[in-house]
Amino acid sequence: MAYTTKAISKGGRAGRAGIEGGTLALAMSFPKELGGDGDAHNPEQLFAIGYSACFNQAVIVLAKKHNIDPASAQVHVSITLNAGDDGFSLAAEIGLKVPGADKAAVKALLDDAHQMCPYSKATRGNIPVTLTVL
């Protein structure tokens, strides 16, 4: 085991969530699109932030292999909460932007990072993930 963290929440989407030990605590609320006031955070936002940071690290690790300078690489992650007959589900869109870099090289880096990123491994086969060069 390399690392473990523990989060605790109370009150669901209208409560509070945080990291054990108090290093991060956030008010939670339903987004306006789900009938809430949207004045706090929601699980989809937190998932998008975590996925983006994790994927960006994979980009940084692999960039040299693709002759890309990772300093200007930006990872954009959108998480969508969908409602269906069987309840709710998630979908992800990951975009990689590297100004001035060859698009084919960026696409190859994007594909490689998707194979390395632990979030991508965890979601593979579980939710649809779309990859786009921005």
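Student: Are Glu44 and Arg13 buried or exposed?
Tutor: Both Glu44 and Arg13 are buried. That word stands for under 20% relative accessible area; exposed is over 50%, and partly exposed lies in between (1.4 Å probe, protein chains only). Two ground rules first. This is a predicted model, where local features need pLDDT of at least 70 and side-chain atom pairs pLDDT 80 or more, while totals for chains, interfaces and linings use all residues. Residues are numbered from 1 along each chain as its sequence is written, and side-chain values use heavy atoms, leaving out hydrogens and water.

Student: Why is the contact of Glu44 with Arg13 called a salt bridge?
Tutor: The closest N and O atoms of Glu44 and Arg13 are 2.5 Å apart. The criterion is a side-chain nitrogen of Lys or Arg within 4 Å of a carboxyl oxygen of Asp or Glu, so the pair qualifies. Glu44 sits in helix α1 and Arg13 in the loop between β1 and β2, 31 residues apart. Those elements are DSSP runs, numbered from the N terminus: helices are H or I with at least four residues, strands are E with at least two.

Student: What else does Arg13 touch, leaving out residues up to four places away in sequence?
Tutor: Contact means heavy atoms within 4.5 Å. On that basis Arg13 touches Met28, Ser29, Phe30, Pro31, Leu34, Asn42, Pro43, Glu44 and Leu81. With Pro43, 30 residues away along the chain, the C-alpha separation is 7.7 Å.

Student: How many salt bridges are there in the structure?
Tutor: There are four. One of them joins Glu20 and Lys6, at 3.6 Å from N to O. Glu20 lies in the loop between β2 (16–19) and β3, and Lys6 in the segment before β1 (7–10), so this pair ties together parts 14 residues apart in sequence.

Student: Why are Glu20 and Lys6 called partly exposed?
Tutor: Glu20 has a relative accessible area of 47%, and Lys6 has 46%.

Student: Which residue forms a salt bridge with Lys65?
Tutor: Asp112, with the closest N and O atoms 2.9 Å apart. Lys65 is in the loop between α1 and β4 (74–84), and Asp112 is in helix α2 (residues 103–116), 47 residues away. Lys65 is at 59%, so it counts as exposed. Asp112 is at 23%, so it counts as partly exposed.

Student: What makes β4 and β6 edge strands?
Tutor: The open sheet has three strands in the order β4-β5-β6, with mixed pairing. β4 and β6 (129–133) each have a single partner strand, so one side of each is left without a neighbour in the sheet. Neighbouring strands are turned by 20° against each other on average, direction ignored.

Student: How do you know that β5 and β6 are paired?
Tutor: Pairing needs at least two DSSP bridges between two strands. β5 (residues 87–97) and β6 have five, in the parallel sense. Leu96 stands opposite Val133 in β6. Helix α1 packs on this sheet, touching β4, β5 and β6, and makes about 145° with β4 in direction. Helix α2 touches β5 and β6, at about 155° to the direction of β6. Such angles run from 0 to 180 degrees between N-to-C directions, with axes fitted to C-alpha atoms, for helices over the stretch in contact.

Student: Which residues form the nonpolar surface patch?
Tutor: Phe30, Leu34 and Phe88, with about 310 Å² of accessible area together (Shrake-Rupley, 1.4 Å probe, the protein chains shown as the cover for residues). Patch members have over 30% relative accessible area and no salt bridge; nonpolar side chains (Val, Leu, Ile, Met, Phe, Trp, Tyr) are joined within 5 Å, like charges within 9 Å. Phe30 is at 37%, so it counts as partly exposed. Phe30 lies in the loop between β3 (25–27) and α1 (43–62).

Student: And how many helices and strands does the protein chain hold?
Tutor: Three helices and six strands, running β-β-β-α-β-β-α-α-β from the N terminus. Buried residues make up 31% of the 134 residues.
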